[in-house]
Amino acid sequence: MTPTTAQPPAYDVIVLGAGIIGVCTALHLRQRGRRVCLLDQAEPGSGTSYGNAGLIERSSVVPYAFPHDFKRILRYAFNREADVCYRLDALPGLARWLWRYWRESAPRALAAAARDMLPLIEGSIREHQPFIEAAGLERLIRQDGWIDVYRKARGLEQAAAEARALSAHGLRFEVLDAQALRAREPGVLPALRGGVHWLDPWTITAPGELVRGYAQLFEAGGGQLLTACAQRIEPTGTGWRVVAGAQAYAATDLVVALGPDSPALLEPLGYRFPLALKRGYHLHYQPRADAPALTRPICDSAGGYVLAPMRQGIRLTTGIELARPGAAPSTTQIRRAHALASHIFPLGAAIEAQPWMGRRPCLPDMRPIIGPAPRHPGLWLNFGHAHHGMTLGAVSGRLLAELMTRETPLTNPAPYRAARFL
Ligand SMILES: Cc1cc2nc3c(=O)[nH]c(=O)nc-3n(C[C@H](O)[C@H](O)[C@H](O)COP(=O)(O)OP(=O)(O)OC[C@H]3O[C@@H](n4cnc5c(N)ncnc54)[C@H](O)[C@@H]3O)c2cc1C
């Protein structure tokens with residue numbers, strides 16, 4: 001059947017993807033008076049943005065890099081760790097990407113990435129706050145930071161030194177010994193030697209609900225939300241058409257904010273972006289009646305997992321799993337993380353039978369793509385936010401909206417341009 005273009009309404013912009021990135025982009029465009037349609041195959045905030053650890057990581061001023069420490073790489077080679085797991089059959093397909101990621105993680109290149117990401121990280125809370133207030137979502141937000149916890153004294157000393165080295169950024173933190181940590185989180189177990197409490201970040205107790213709340217704010221402000229699976233995008237000469245089954249939707253401008261699924265719609269137009277997907281899992285656990293409640297997220301960096309008090313229970317989120325696209329989810333990583341986590345905090349029974357799996361959309365230079373598609377006027381891109389999409393959603397949405405409406409952008413957009421990969 002030939003798809004029919006919906007007539008009316010005609011839109012100024014269609015935003016594809018109602019994860020945190022697409023919803024925030026749509027909100028910013030709507031605030032600038034554009035007629036905006038936000039299209040997703042599912043409910044807003046039900047993709048990767050649903051299942052993360054909920055940290056608005058204002059303190060994460062250094063991107064998540066490939067380690068250059070030989071001992072650590074050797075540990076990973078045995079593939080028995082909790083923070084990074086891989087499936088052997090995924091490595092050939094990822095080899096080029098990993099090589100590039102490794103090179104971009106060398107000290108000088110990493111410092112450049114951190115410099116480029118800083119304006120976005122600095123704007124993270126500042127840009128979320130007005131949306132949280134306008135949507136009346138304060139109930140989902142805690143403003144008391146999160147704690148990086150350590151099982152070994154050496155790890156704690158190193159983390160404290162690294163935190164002090166970041167003092168030029170004006171980040172607020174406190175180094176806690178074991179006793180101070182227990183005073184702050186009375187439930188933690190004696191295996192912990194202390195922690196670094198990052199005071200600036202905010203945390204979210206239901207990330208999916210926050211995105212849904214933002215989407216409702218967008219609708220209340222006159223935006224249109226559509227449920228449809230985009231199968232193809234096509235230039236029309238005067239704008240863009242999105243084909244979704246028997247329907248087609250037209251607009252002058254089109255934004256692709258499909259997170260991990262962004263490349264699939266762009267490849268037919270000749271764009272091949274090196275987006276790798278670092279999987280991660282979560283499972284909720286009942287709080288234990290015989291233990292004090294966990295009041296804020298704690299992160300065991302060595303184990304790569306976070307324990308975050310959420311609406312549904314204590315959410316255990318894992319580090320990175322590298323697998324082939326489409327490979328079946330595995331329970332290995334959540335089991336490893338749970339084995340470590342139960343030594344640092346008492347956890348009750350698992351709430352769900354199977355872990356949730358998400359895919360972090362990662363570019364090898366640790367910067368997202370935010371800006372115009374180089375060869376197609378009217379086509380705009382906002383994806384690749386890797387480990388920090390929840391953090392960067394509002395600020396990235398604003399930056400793209402400013403570029404599209406030719407306002408002075410909040411920062412120089414050059415580091416995020418798509419052309420760097422072409
Ligand atoms: C375990 C884990 C923990 C994390 N913890 C944090 C954290 O604490 N803080 C942080 O900042 N970040 C964290 N992240 C990263 C963060 O979750 C992601 O960077 C972010 O959610 C990406 O958002 P997005 O909008 O780009 O993608 P998504 O949320 O995946 O949204 C993409 C949307 O596109 C839709 N879609 C896809 N294809 C189509 C199609 N063809 N047609 C229509 N719709 C389509 C999907 O339904 C989906 O809603 C974590 C990630 C994981 C996996």
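What I'd like to know is this: is Tyr101 buried or exposed?

Modeller: Tyr101 is buried, at a relative accessible area of 5%. Here, buried means under 20%, exposed over 50% and partly exposed in between, using a 1.4 Å probe and protein chains only. Before we go on: this is a predicted model, where local features need pLDDT of at least 70 and side-chain atom pairs count only at pLDDT 80 or more, while totals for chains, interfaces and linings use all residues. Numbering runs from 1 along each chain as its sequence is written, and side-chain values use heavy atoms, without hydrogens or water.

Now the rings. Two aromatic rings are described by how far apart their centres are and the angle between their planes. Rings of Phe, Tyr and Trp (its six-membered ring) pair with centres within 6.5 Å; planes under 30 degrees apart are stacked, over 60 edge-to-face, the rest tilted. The whole structure holds eight such pairs. In one of them, Phe66 and Tyr101 have centres 5.7 Å apart and planes at 80 degrees, so that pair is edge-to-face. Phe66 sits in the loop between strand E4 (55-56) and helix H2 (70-77), with Tyr101 in helix H3 (residues 91-104), so the pair ties together parts 35 residues apart in sequence. (Helices, H or I of at least four residues, and strands, E of at least two, are DSSP runs numbered from the N terminus.) Phe66 is partly exposed, at 22%.

Tyr101 has another partner, Trp97: that pair is tilted, 4.9 Å centre to centre with 45 degrees between the planes. Being four residues apart in helix H3, Trp97 and Tyr101 are separated by about one helical turn, and both are buried. Put together, ring pairs link Phe66, Trp97 and Tyr101 into a cluster.
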